Amino acid sequence: MTESRFGDEILRVNAMRIQARGESGLGPVLVDDVSFTLRRGEVLGLIGESGAGKSTIGLATLGYTRSGCFICGGEIVFEGRDIRQMSLVERQELRGHAVAYIAQSAAASFNPARTLYDQVGEVAVRHGLMSPAEAKVEAAKLFKELELPKPETFGERYPHQVSGGQLQRAMAAMAMMAKPDILVFDEPTTALDVTTQVEVLASFRKLIREHGTAALYITHDLAVVAQIADRIMVLRRGKMIELGDTGQILHEPRDEYTQRLVKERIVVHDFVARRGEGEAPLLDLQNVSASYRTLKNVIDDVSLQVLKGDTMAVVGESGSGKSTLARVVVGLLARASGDVRFKGESLPPKLHARSKEQLRRMQMIYQMPDVAINPRQTLLDIIGRPVSFYFGRSGADVRARVLELLRQIDLPEHFIDRLPGELSGGQKQRVCIARALAAEPELIICDEVTSALDQLVGEEILRLLKRLQDELGIAYLFITHDLGTVKRIANKVAVMLKGKLVAAGETATVFAPPYHAYTELLLSSVPEMRTDWLDEVLAKRRRSA
Amino acid sequence: MRLFGHKMSILAQIGLLIVVVNIALAILAPVIAPYPEADLVGDAWADPSPQFWFGLDQIGRDIFSRMLYGARMSIGLSLVITCLSFTIGIIAGFSAAVLGRWVDVALSRIVDLLLSMPTLIFAFIILSVLGTELPVLIVTIAVLDSTKVFRLSRAVAMNIVVLEFVEAAKLRGEGLWWIIRREILPNAVPPLVAEFGLRFCFTFLFIAALSFLGLGIQPPFADWGSMVKDLAQVINYGSPAALYPAGAIALLTIGVNFIVDWLLAVYSKGHGEGA
């Protein structure tokens, strides 16, 4: 890292504190005593789990806080002037013009009723920097820099006519229009598929480097930020844990929390050696196809077997049909053809035709624990219901069983009368697991169970699932887009692409050369904890292309 | 002061006081009222005096006494009608959301049909044909009102039905009644409670409008709505008599809504949904 690459200091944040307003007076402190400087051309990565205050800091550099919060201390000095002292009009002048923001969900940030040209050019036109015609030319230029297809006509499309990755890049173009001094990226690739993430990340980096813009890059994924940031700040619960050069953070993290974050990503896991038991498959899918009313063959001729005690991972990008596969197995979506057999017995395609016993044997855990459990029921009701429903037990019996299950998932027993609102995300996911266990199932379908959780919390959930498997011999059908997870917990894997199975078998076989071309693309897209990973991947792809 | 284990805000306490006083007066009307509600006790339009606190009405009945009796009619009737309309509306609305497309289409079109005609005219037709006995009045207004409750509860339930805990209940094999009662209803309470407060007050006014057409509460029984209408005749001559029942309606409306606001705040806070 050569110091000369960066210009003068452009932003200095000094002992910033941001606090929420509570019902009676002040609420919790969201950001506590955070200081950093940013020079022209420098990219600072902000990393931490949810609730760490990353986004709050990002927005504060625009002189903005979410409603109910306010900046209560410190200074935010932009080019020698404290943003906190500026009038509302001056701040508005600053936003979009000098400091621009790129949000996580581009789909939610664009107006679906207007073309991309209109929206991308708006900032520059509103700030009086360009005429609409000039803005159009400039936008097309940026589209080209961002390697968007047909840059001249790309802007004539509406947001729904372009893919998620393209929309995210269009948002970067929008932010770049007024040639801002600072770009704030707030988890811009988190909602994208891994394969898309690589391309978007590469074009962001190109854009920043070519324009020499300073940037704050907010993410929860250390490997991603390692590709783009010069320095990294680690945050936890609103406090700065560590700030250092990217190399130092990755290779010699000083703080214990940073060390844990780095370790979880770097540890190389051996392939799972466990084998399913028995010869006869527990779950047997034979040439299953299924369609939605408007979408044909979302699942196309899929066959796979899960043995007792197996963990079968189903991987693929969004739209590959992996969640639909789960819906077909449990009967939420009736299959169009083929057969789904459980312990040799053919299951009726439709849910309501299945017997209570058939339903009990197969349970499901969802991606979003927040909506997967009823917020108005206590844990006793949530976990106890399958016990009374399937086994006809009542009163004290149910309570005793729920307490046993709480112990099994490592939650304190006094949680039994709590409502989900009093639990953290990881704890809620544990409750979902307990509810599934309460039915004493033989197969649990896990639909992206860790993707809504913070990294370290997700690791704990995976460990819990693994332990339960060892104790109870349950089989998992594990739907995920995270290939790192697959290696760690699945002994079998099925790779899906556009509704079809492209590869399936033992993980060690599928994930080792010779790969299927798509499996290789997926595997090579998983960010690694090296600063040169992105360059390598790009170079490799250029060679093969 | 605490209610249901939650500390009441000042406004909620005021609201509760208003509602309790109103209900107490309504119940005790025969005991407190100085005169029977239908008796002519003096000259028409007599001014307020120590003998007749609020004065006398167009045919010489005591306005104060009639307001006490009117509270019985207005509050009691509105409460019964609103409860009935919510029962009908919620059951229909939730069924439409849960039972699938055809039930939804059928119920929604019936409701569209009812809503396509002005409620007042619709009620007018039905009451003219079936007569103006109280049970007919109650059922008619409740059914017409339930169309609005249907719309709300259907929309609320639609948002809840797609959540995964409902899917989890379906996967478990739970029946429809369980899903409606245990999974959907508890989560639909806040918007429905807010609507209840509003509908309860609207029902007053609706009864008043019907009374105006001679199809509401029949003389000699008093209700606040028709009292406003009757007494308003002389407002041009400087008599404030119409303001007493109107004020009573306004006061009760405000009181009910103070309590509703507080209930909503408690409900969202207790479950970590607040901002």
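I started with the two domains of chain A: nine residues of domain 1 touch seven residues of domain 2. "In contact" here says that the C-beta atoms of two residues, placed from the backbone, lie within 7 Å. On the domain 1 side, helix H8 (194-211) and helix H11 (256-266) of chain A each supply at least two residues. H11(A) gives the most, three residues. By class, that side of domain 1 has two nonpolar, three polar and four charged residues. I noted the classes: Ala, Val, Leu, Ile, Met, Phe, Trp, Tyr, Cys and Pro are nonpolar, Asp, Glu, Lys and Arg are charged, and the others, Gly among them, are polar.

Before going on, I wrote down that this is a predicted model, where local features need pLDDT of at least 70 and side-chain atom pairs count only at pLDDT 80 or more, while totals for chains, interfaces and linings use all residues. Residues are numbered from 1 along each chain as its sequence is written, and chains are lettered from A and ligands numbered from 1 in the order in which they are written.

I looked up the domain bounds too: domain 1 of chain A is 3-266 and domain 2 is 283-510, from an automatic or database domain assignment. Their centres, taken over C-alpha atoms, are 36 Å apart.

Next I checked chain A against chain B: 20 residues of chain A are in contact with 15 of chain B. On the chain A side, helices H13 (356-361), H14 (369-372) and H15 (379-391) give two or more residues each. That side counts 14 nonpolar, three polar and three charged residues.

Then I found an open, antiparallel sheet of four strands in chain A, in the order S12-S11-S14-S15. Helices (H or I, at least four residues) and strands (E, at least two) are DSSP runs, numbered from the N terminus. Strands pair if DSSP finds at least two bridges between them; S11 (283-290) and S12 of chain A have five. A:Val288 stands opposite A:Val302 in S12(A). The edge strands are S12 (299-306) and S15 (345-346) of chain A.

Last, I turned to chain B. How do helix H6 (164-172) and helix H7 (176-212) of chain B cross? Their axes come within 10 Å and cross at roughly 155 degrees (axes are lines fitted to C-alpha atoms, for helices over the stretch in contact, and angles run from 0 to 180 degrees between N-to-C directions). So H6(B) and H7(B) are roughly antiparallel (angles over 145 degrees). Among the residues that meet are B:Phe165 in H6(B) and B:Trp178 in H7(B).

Conventions: Parallel < 35°, antiparallel > 145°, perpendicular 65-115°, else oblique.
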